[in-house]
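Let's walk through this structure together, one chain at a time.

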Amino acid sequence: MNSPEHALSAKARWVWRETLRIHRRAPETRLASSLSSIEIFVALYYGGILRHDAAEPLAELRDRLIISKGHGSICMYPILADLGFFPVEELDKVCQAGGFLGGIPDPVIPGYETVNGSLGHGLGVAAGMALGLKRKASDRAVFVLAGDGELHEGANWEAAMFAAHHGLDNLNLIVDDNRISMLDYTNKIVGHGDLAGRFAAFGWQAEEVDGHDVVQVRERLAAMKESHSGKPKVLVAKTRKGHGVPKLEGEPLCHIINPKPELLDQLLGEAP
Amino acid sequence: MTQPSQAMRDAFLLRLLEAMRQDEKLFFVTADFGSPVLDRIRAEHPERFINVGIAEQNLINVSAGLALEGYTVFAYAIAPFITMRCYEQIRVSLALLSAVRPLNVNLIGVGAGYSYVVSGPTHQCYEDLTIMRALPNLGLLSPADHVTAAAMFDTCLARRQPKYLRLDAQVLPVVHQAGAPDPSLGFAQLRRPGKICLIATGYPVHTALRVAEQFAASGRDLAVIDLFDIAGFDRPALLQTLADYAAIVTLEEGFKGRGGVDALFFDLLADAPPRPMLNLGVAPGYRFELGSRVQLHEQVGIGPNAVRAALTAFIDRHHL
């Protein structure tokens, strides 16, 4: 029962519960999109993928993580608090005066690198960081988490071309492919088709994973990080927006739906 | 003996080329826009010369990423494209992010105002000062000659913040013959005596000087100020300098009444003793007429003849 696999799954379950609790206290936060990326963050931080330093969040020796889908990362709050980036008490002040954990995370939060409330900026900034690291002869990696919805922003594809041209194999993109944007399924808005195939066509090393299988996600991330074939890399994580919450999961409008507090209480009470 | 003129960008980029030989933390990024000096940077420093292609949004974000890794970045493109095509990238990844993390990214925009005389409204730039001065944390430098432009390289290194440097695409005469003006002041007085003070930035400084010379020939002195640091000028010093004058005239190669240089002075002078003010700028609109820069300027109200006529009427109206 104490296997690393079990520990990761347990941690993911704990983050899921903490995220629900935060949303219960601060309904201004985006819940559904914060539930699809939990296993990705858990694998990065607890699976030994991302080198980080809570005492010095911007230490030169860290691996960089750009959370491009800013809104959908409220689940990072309990993780960063748990790892000591800031006091756990801050979790009681989400969206409150005197706190710094907002409805959308900003880089005043230790552990956040850049401004990501506006979508579609992360990959380009990350590509610049990856290039800078190469020129500094640093072996640190750059990770980016982007949503499939924000890939409608054209700047991503400018960055995708750039990263491939410059052979930025220290750049690791994870797409939280929860397949739902704000108003509908992305394939009903402007479909991405075969997303991994598209990145491959842009010169990237691309693969897919079940984004809620935290053990698989960790394995794929570890392999991706170690791969240096002269190509930037993307892991398309197939996820479900609103994962584990009835009335969110499978609901195309879930981005803007706040579940009733009673439902959240019930889910938290029921959870094993 | 007057100094020979040079293109602003060549003067600036020569300073950069020289500095890149000593400082490995300088990085140059272009959106497929060049110059002869740039060819030398590319040849000498291929590792720190990147052409992102015609992709200004990526230009800004890549520059921000490089700056986050400790580089001092010079991002280079045509003025309207490096300001308007990627405005939100500038807002989010430079102006906003630099409120939290230090970033020295210098946006070098070539083609202020009507510099690209026959290229039409896409390549001309009458909105940049308005939109760029709306952003906090962003420096705004606007030289009137290559001497000032070259000296601004030192300012770019010294001030560790994002900046927009707008350069004229044409070779303009030198107005600062005695050397570059004091960067800490942000403005320089080119003509002092007179009741009326003309303030301009960039190319219109030359128009203001020409008009002042014409008025001087007929016996009336007009003062002229070159405001070259739009965001960082010494406010108390400029207010004190302007206190000597009975009337203020602003002249800009940007849309009049749309938040550019005129608005800057409405704000600056809001608490100063009231006095007549005349704001001259481009009548808002997009035009497709062809002609010389001066001809185009006359059509929109900022050519020497138009300025002289407006000033004469202003003087009569206010009995100056």
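Here is a short briefing, grouped by topic.

This is a predicted model, where local features need pLDDT of at least 70, side-chain atom pairs count only at pLDDT 80 or more, and totals for chains, interfaces and linings use all residues. Residues are numbered from 1 along each chain as its sequence is written, while chains are lettered from A and ligands numbered from 1 in the order in which they are written.

**Chain A at a glance**

- Chain A has ten helices and five strands; helices (H or I, at least four residues) and strands (E, at least two) are DSSP runs, numbered from the N terminus.
- Take the contacts in chain A between residues at least 6 apart in sequence: 75% of them join residues at least 24 apart. Two residues are in contact if their C-beta atoms, placed from the backbone, lie within 7 Å.

**The sheet in chain A**

- Which order do the strands take? The five strands of chain A form an open, parallel sheet in the order 1-2-3-5-4; strands pair if DSSP finds at least two bridges between them.
- At the edges sit strand 1 (64-67) and strand 4 (205-210) of chain A, each pairing on one side only.
- From one strand to the next, the twist averages 20°. Axes here are lines fitted to C-alpha atoms, for helices over the stretch in contact, with angles running from 0 to 180 degrees between N-to-C directions.
- Six bridges join strand 2 (residues 142-147) and strand 3 (residues 171-177) of chain A in the parallel sense. Within this chain, Phe143(A) has Asn172(A) in strand 3 as its bridge partner.
- Helix 5 (residues 122-135) of chain A packs on the sheet and touches strand 1, strand 2 and strand 3, with its direction at about 170° to that of strand 2.

**Chain B at a glance**

- Chain B has twelve helices and eleven strands.
- Its radius of gyration is 19 Å, close to the 20 Å from the globule rule for 320 residues, so chain B is as compact as a globular protein of that length.
- In chain B, 51% of the 320 residues count as buried.

- An automatic or database domain assignment gives chain B domain 1 (8-167) and domain 2 (187-317). Their centres, taken over C-alpha atoms, are 26 Å apart.
- The contact takes 21 residues from domain 1 and 27 residues from domain 2 of chain B.
- Strand 5 of chain B gives the most to the side of domain 1 that touches domain 2, with three residues.
- How many residues of strand 8 (residues 196-200) of chain B are buried? Five of its five are, with Ile196(B), Leu198(B) and Ala200(B) on one side and Cys197(B) and Ile199(B) on the other.
- Strand 8 pairs with strand 9 (residues 222-227) of chain B in the parallel sense over five bridges, and Ile196(B) has Leu222(B) as its bridge partner.

Technical notes: The radius of gyration is taken over C-alpha atoms; the globule rule is 2.2 Å times the number of residues to the power 0.38. A residue is buried if 20 or more other C-beta atoms lie within 10 Å of its own, exposed if 12 or fewer, and partly exposed in between; C-beta atoms are placed from the backbone.
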